Structure formats: C-alpha cells, structure tokens
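Here is a briefing on a predicted model. Please look at the structure first, then work through the points by topic.

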Amino acid sequence: MASSQNTERLDTIMQAAPVIPVLIVEDPAKAVPMARALVRGGLPAIEITLRTPKALEAIRAVAAEVEGAFVGAGTVLDAAQYQAAVEAGATFVVSPGATDKLLAAASGHDVPLLPGSSTASEVMKLLEAGYSRLKLFPAEAVGGANLLKSLASPLPAARFCPTGGITEKTAPTYLGLPNVVCVGGSWIAGPDAIAAEDWDGIEARARQAARLSA
Ligand SMILES: O=C(O)C(=O)C[C@H](O)[C@H](O)COP(=O)(O)O
C-alpha cells in the first residue's frame with residue numbers, strides 16, 4: 001500500500017517553501033494576480049480552498065496562467081471534490097480530515113492528497129493506508145507544536161504540514177520540529193487583502209514567510 005500517496009510529488013510541493021498560503025478566493029479574476037504575487041514573493045505552493053462558489057474556476061485560471069506555481073485545492077471533503085479539483089488542474093489536494101471514500105478516490109493517483117489528522121490513531125490509520133505526508137488540523141487547537149513533538153518519537157514515519165491558527169510568530173517553532181516539513185497559514189493573503197488587490201502587501205508578506213525557518 002506504500003504507493004497510495006504520490007509522496008515524491010508531495011515532497012516537492014511541501015519542500016518548495018516553508019509556508020503554504022491557504023486562500024479563500026471569491027473572485028476568480030483576482031486569483032491570477034494573487035498567485036503571481038505569492039510566486040514573486042517566494043511561495044510557489046498555494047492552496048485555494050473550495051469554500052467559495054468559484055474556487056474551482058480560480059484553480060483553473062492559476063493552473064493555466066501562472067508559471068512556477070503549484071496550485072492546490074483545499075477543503076476537499078469528498079471523492080467528487082477530489083475529482084473536480086484534479087479536472088480543474090490542481091497539482092495537489094488538501095483535506096481537513098480523511099474519510100475512507102476520499103482516500104480511496106485519491107489512492108494511486110498522480111495528484112497527491114494531503115489528508116488531515118489530529119490524533120495518534122488518525123495518524124496510524126493514515127500510515128496503514130499508505131499516507132505518510134499529513135496535515136495536522138486544526139493545529140493550534142489540538143495541541144500544536146507540543147502534540148507534534150510528542151508524535152515524532154512513536155510515529156517517525158509521519159511528516160506534517162500543520163495548519164490552523166498558525167501565525168508568522170508561531171511558525172518557526174513548528175518548522176524546528178523533525179516531523180514538520182512546512183506549515184499552512186492564511187496570514188499572507190487574507191480575504192481582505194485579496195479583495196483590496198493588495199498585491200504588493202501579499203508579495204511582501206510572502207517574502208517574509210519564505211524566509212521563515214526554525
Ligand atoms: O479546510 C481546509 O482544508 C484548510 O486548509 C483549513 C485551513 O487549514 C485553515 O483555514 C487555515 O486557516 P488559518 O487558521 O487562518 O491559518
């Protein structure tokens with residue numbers, strides 16, 4: 001079952017920068033300049049969440065037009081959304097948790113799924129299903145860096161992108177852990193910054209995030 005998750009592609013994406021910006025995009029026309037600002041700032045892997053009616057359209061536009069971006073789909077909850085994200089051109093797919101049906105839909109496919117987990121049992125079940133690159137969600141609420149530190153020794157095969165409540169200030173603590181590859185966060189390009197077309201501000205925050213380390 002080790003081939004369930006395309007870990008090679010996921011590692012490239014997770015290692016591209018220390019932070020994956022998590023984005024809520026209402027207007028797909030803004031997605032391309034937003035993604036260009038993030039790429040210019042040094043954050044090529046971006047996650048557009050399927051939380052707005054036009055999110056798939058936004059993913060499609062970024063996939064077609066933004067060179068150097070790895071555009072992912074976030075908040076993918078079921079097999080149909082996984083398929084729709086792949087058809088729109090997503091290069092990775094992120095879910096807040098995991099269900100058997102979602103894992104079955106993604107297993108063995110090129111476009112990797114980064115499934116969410118928040119307990120040792122969930123991590124164990126995902127490892128058993130062939131998924132070793134995981135999201136920890138909601139990171140801060142379920143124990144944050146302390147939880148990940150505690151999981152590192154008994155479950156060393158699991159490598160995480162914690163997301164949920166992480167800030168520029170708390171990110172370095174996570175990035176210093178041996179089982180953390182990158183973190184996800186919304187602080188770089190929040191809905192207000194996107195609505196205001198603050199591409200310079202987004203680029204500047206991306207540049208700072210790209211420099212974060214332990
Ligand atoms: O639903 C998903 O798939 C998600 O990715 C949820 C996000 O991890 C959080 O919404 C991150 O947002 P912040 O906590 O503001 O950084």
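Setting aside neighbours within four places in sequence, alanine 17 is in contact with Gly42, Leu43, Pro44, Ala45, Cys182 and Ala210. Alanine 17 itself sits in the loop between H1 and strand S1 (19-23).

**Alanine 17**

- Alanine 17 has 23 other C-beta atoms within 10 Å, so this residue is buried.
- Alanine 17 and cysteine 182 are 165 residues apart in sequence, yet their C-alpha atoms are 7.1 Å apart in space.

**Helix H1**

- Helix H1 covers residues 7-14, and Leu10, Ile13 and Met14 in this helix are buried.
- Viewed down the axis of H1, these buried residues fall within an arc of 90°, so they line one face of the helix.
- The cover over the buried residues of H1 includes strand S2 (45-49), S3, S4, S5, strand S7 (133-136) and strand S8 (159-162).

**Helices H2 and H3**

- The axes of helix H2 (residues 31-41) and helix H3 (residues 55-65) come within 9 Å of each other and cross at roughly 55°.
- That angle makes H2 oblique to H3.
- The H2 and H3 crossing is right-handed.
- On the H2 side, Ala31, Val32 and Ala35 take part; they meet Ala58, Ala61, Val62 and Glu65 in H3.
- By class, this contact of H2 with H3 has 6 nonpolar, no polar and 1 charged residues.
- The buried residues of H3 are Ala55, Leu56, Ala58, Ile59, Ala61 and Val62.
- Those buried residues of H3 pack against H2, S2, S3 and H4.

**Helices H3 and H4**

- H3 and H4 pack at an angle of about 30°, and their axes are 8 Å apart.
- That makes H3 roughly parallel to H4.
- Leu56, Ile59, Arg60 and Ala63 of H3 make the contact with Ala84, Ala85 and Ala88 of H4.
- Sorted by class, the residues of the H3 contact with H4 divide into 6 nonpolar, no polar and 1 charged.

**The two sides of helix H4**

- Which residues of helix H4 (residues 79-88) are buried? They are Tyr82, Ala85 and Ala88.
- These residues cover an arc of only 130° around the axis, which puts them on the same side of H4.
- The face of H4 turned away from its buried side carries the exposed residues Ala80 and Glu87.
- Among the elements covering the buried residues of H4 are H3, strand S3 (70-74), strand S4 (92-94), helix H5 (100-106) and strand S5 (113-114).

**Valine 94**

- Valine 94 lies in strand S4.
- Is valine 94 buried or exposed? This valine counts as buried because it has 27 C-beta neighbours inside 10 Å.
- Not counting residues up to four places away in sequence, valine 94 touches Glu47, Gly72, Gly74, Val76, Leu114 and Lys135.
- Glutamate 140 is 46 residues from valine 94 along the chain, and the C-alpha atoms of the two are separated by 18 Å.

**Backbone points to check**

- Most residues other than glycine have a negative phi, and most peptide bonds are trans.
- Threonine 75 is not a glycine, but has a positive phi of about 55°.
- This threonine lies in the loop between S3 and H4.
- Threonine 75 has 20 C-beta neighbours inside 10 Å, so it counts as buried.
- Glutamate 197 is another residue other than glycine with a positive phi, near 55°.
- Glutamate 197 is found in the loop between helix H9 (191-195) and helix H10 (199-210).
- With 15 other C-beta atoms within 10 Å, glutamate 197 is partly exposed.
- Where is the cis peptide bond? It runs from phenylalanine 137 to proline 138, with omega near -15°.
- Proline 138 has its place in the loop between S7 and helix H7 (144-152).

Note on methods:
Residues numbered from 1 in each chain as written. Predicted model: local features only at pLDDT ≥ 70, side-chain atom pairs only at ≥ 80, totals over all residues. Axes fitted to C-alpha atoms, helices over the stretch in contact; angles between N-to-C directions. Helix = DSSP H or I, 4+ residues; strand = E, 2+ residues; numbered from the N terminus. Parallel < 35°, antiparallel > 145°, perpendicular 65-115°, else oblique. Left-handed = near helix turned anticlockwise from the far one by under 90°. Contact = placed C-beta atoms within 7 Å. Nonpolar A, V, L, I, M, F, W, Y, C, P; charged D, E, K, R; others polar. Buried ≥ 20, exposed ≤ 12 C-beta atoms within 10 Å, placed from the backbone. Arc of directions from axis to C-beta.
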